[in-house]
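Dear colleague,

Please find the structure below, handed over for your reading.

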Amino acid sequence: MSPVSAPERPVRAEESAAAARETLDVTLVVPIETVDAEIDQVVEAIGAQFERLRKGWECVLVYDGVRGAAWQKGQALAARYGSRVKIVGFEKPFGESVCLSAANEIALGKVLVTSPQYVQIDPIEIEHMLATLEAGADMTVAWRKPRVDPWLNRLQSASFNWLMRKINGGKFHDLNCYFRAFRRQVLAEVAVYGDMYRFLPLIAQRQGFRVVELEVRHLKEWGKAGFFGVGVYVRRFLDVVGVVFLTRFTLKPLRFFGSVGMLLSLVGGSLLTYLVVKRKWIDGQGLSESPAFTLALMLFVLGVQVIGFGLVGEIIIYTQARNLREYRIDRRWDDDGPDEPHAHA
Amino acid sequence: MAPVPDISVVVPVYNEEDSLAILYQEVRDAIDAMGARWELILVDDHSRDTSLARMLDLRSRDRRVKVLHFRKNFGQTAALSAGFEAARGAIVITMDGDLQNDPADIPRLVAKMREGFDIVAGWRKNRQDGFVLRRLPSKVANRLIAWVTDTPIHDTGCTLKAFRRQLVKNLSLYAEQHRFLPAMSRGSGAQVAEIVVHHRARRFGQSKYGLERALRVLLDLFVIKLISQFAHRPLHYFGLFSLPFAGLALAVLAAVADDAASWPLLVFSAFILFLLPAVHFILLGLLSELIVMASGVHKRSVLDRLVNRRPQEAL
């Protein structure tokens with residue numbers, strides 16, 4: 001939605017104190033996960049695009065517990081680019097979310113661009129992504145289309161994204177692509193931890209940020225082809241459940257637990273009623289003969305317990321409510337200065 | 001700097017382009033007639049029509065109109081919450097943006113506040129809405145809310161209410177709690193009164209609520225009871241849930257006492273199954289005690305109560 005022309009300058013509610021620190025246009029953030037990372041190519045290719053677009057840029061390489069050849073490459077880049085290339089490293093791997101937070105601590109760019117550790121996307125797409133931000137978006141995410149990796153991976157990825165869209169109502173087709181550009185403000189308001197890196201666009205959108213998906217040219221894909229370990233699927237599934245819960249029910253846990261619990265109790269309760277009625281008035285069969293009786297009781301009890309968890313959730317939210325602001329003010333016109341009669345278009 | 005207003009009127013706005021000018025005029029006429037200083041805080045909940053432009057238009061003519069614009073649609077509670085935060089008047093009045101509340105009631109709300117109440121709630125005794133879809137569910141819900149929360153209010157759904165500013169500044173609202181404000185504040189000792197207010201039929205736009213809301217309100221009731229009366233002693237609340245199950249477990253035992261031979265397995269499993277939630281709820285209650293204790297919310301609440309004690313700031 002385009003801003004309405006105003007008789008006075010609106011106070012951008014979220015002009016942070018950090019603005020003083022944002023002296024560059026853009027910071028490229030590359031989390032490095034393995035020793036064979038092709039970061040020299042990434043920094044060269046994307047850096048060249050930033051130069052072409054006349055952006056003041058820098059690059060933060062975050063070594064996620066990785067040393068060896070990747071570290072040498074980073075040192076070479078630092079020697080070549082000087083202060084444009086910054087290097088931070090952890091002693092052990094903490095995951096992309098922590099890498100991003102670390103980069104955010106030292107980055108000087110108004111915009112962060114995250115990229116995988118190899119040239120996954122045609123670097124030329126940077127221009128479109130930055131242009132989209134300039135046009136008013138808070139975040140642009142890449143959608144690899146068409147993809148160049150094996151069909152099995154494409155199928156798995158497509159199913160995952162389809163599931164996320166169905167369950168969570170988002171509109172993203174490629175949450176697994178970490179080629180993204182976003183304003184710093186996004187990280188100031190969206191907590192990124194654990195596996196939330198993947199779901200950053202979803203959560204940002206939920207917070208009211210304007211997130212745009214752009215189709216980009218996919219150059220190559222690293223990583224395993226075929227099926228992953230069982231653990232990967234289990235974690236992914238748990239992530240989906242977690243994200244749905246966190247994006248939709250954070251402030252009303254009982255809505256979630258209560259609905260699930262009531263459903264279970266209702267099923268158990270109806271089954272119980274049916275069995276008792278059947279025994280008493282229909283066939284007089286002993287209840288102990290029926291395993292369904294135990295099942296019914298257990299469902300009922302389980303439902304009640306689920307509701308109990310929801311109530312504890314409510315206690316947590318109540319005690320933390322001051323830290324969880326539910327709304328974001330975009331612009332405000334509420335100062336009390338003297339009247340400034342302006343013609344307004 | 002303009003002088004601090006006596007009365008802040010907070011209005012959540014969502015797609016009310018036709019109503020805004022009239023609303024402003026009515027509010028202005030009503031409060032100017034009292035000779036009070038006021039501000040009108042319009043919180044735009046990311047309207048999709050021209051509401052924001054209309055608001056800014058009003059502001060360009062009268063600086064007492066304040067405008068907050070949400071980044072996306074966050075709902076009525078969030079809008080009120082933002083309005084409360086911005087409000088500076090000693091009395092904060094909330095009302096709907098759809099003209100169904102009548103600003104002419106404001107002087108009466110204020111008069112009642114000056115009798116020494118902390119909250120004065122409006123009661124739409126003659127509602128101008130459909131009976132089956134709006135009035136009946138609302139009536140049932142209100143009875144239930146009044147009974148559960150022990151707050152004698154007929155019409156929790158009426159947005160037209162007046163609050164002492166100190167009170168709303170100390171609240172953190174979330175989810176859909178705005179309708180339960182009186183009940184929640186009573187927990188910390190607020191004096192709540194109610195007066196009958198006018199209710200007008202909708203002139204513009206669409207009604208934004210439906211029947212399914214009543215179901216959600218039902219779940220919310222559990223929460224309100226918990227938060228308004230048991231927030232600082234959750235174990236007691238969970239104890240209430242535990243008790244019936246403990247009773248059932250005992251009843252099963254009692255039943256078997258004189259007839260031990262019949263369905264032993266069944267009796268055993270029933271006993272266990274009833275005992276389980278009884279213990280479970282006690283454990284959850286203890287967990288909640290821990291959460292409350294660790295959060296420090298109990299200390300803050302004592303301060304809130306002290307703030308809410310008289311002598312109050314003059315209204």
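**Domains of chain A**

Taken over C-alpha atoms, the centres of domain 1 of chain A and domain 2 of chain A are separated by 43 Å. Domain 1 covers residues 19–249 of chain A and domain 2 covers 253–323; these bounds come from an automatic or database domain assignment. Please note that this is a predicted model, in which local features need pLDDT of at least 70 and side-chain atom pairs count only at pLDDT 80 or more, while totals for chains, interfaces and linings use all residues. Residues are numbered from 1 along each chain as its sequence is written, and chains are lettered from A and ligands numbered from 1 in the order in which they are written.

**Where the chains meet**

In chain A, 45 residues are in contact with 49 residues of chain B (two residues are in contact if their C-beta atoms, placed from the backbone, lie within 7 Å). On the side of chain A that touches chain B, helix H9 (253–283), helix H10 (291–320) and strand E9 (329–333) each supply at least two residues. Helices (H or I, at least four residues) and strands (E, at least two) are DSSP runs, numbered from the N terminus. H10(A) gives the largest share of this side, 17 residues. By class, the side holds 22 nonpolar, 11 polar and 12 charged residues; Ala, Val, Leu, Ile, Met, Phe, Trp, Tyr, Cys and Pro count as nonpolar, Asp, Glu, Lys and Arg as charged, and the others, Gly among them, as polar.

E9(A) also runs antiparallel to strand E3 (residues 65–70) of chain B, and four bridges join the two. Strands pair if DSSP finds at least two bridges between them. Arg332(A) has Leu68(B) as its bridge partner in E3(B).

**Two residues in their surroundings**

Gly169(A) lies in the loop between helix H5 (151–168) and strand E7 (180–183) of chain A. Gly169(A) counts as partly exposed because it has 13 C-beta neighbours inside 10 Å; a residue is buried with 20 or more other C-beta atoms within 10 Å of its own, exposed with 12 or fewer, and partly exposed in between, with C-beta atoms placed from the backbone. Its C-alpha atom is 9.4 Å from that of Leu202(A), 33 residues apart along the chain.

Leu283(B) belongs to helix H10 (residues 264–295) of chain B and is partly exposed, with 13 other C-beta atoms within 10 Å.

**Chain B as a whole**

Chain B has 11 helices and seven strands. Of its 315 residues, 46% are buried.

With kind regards
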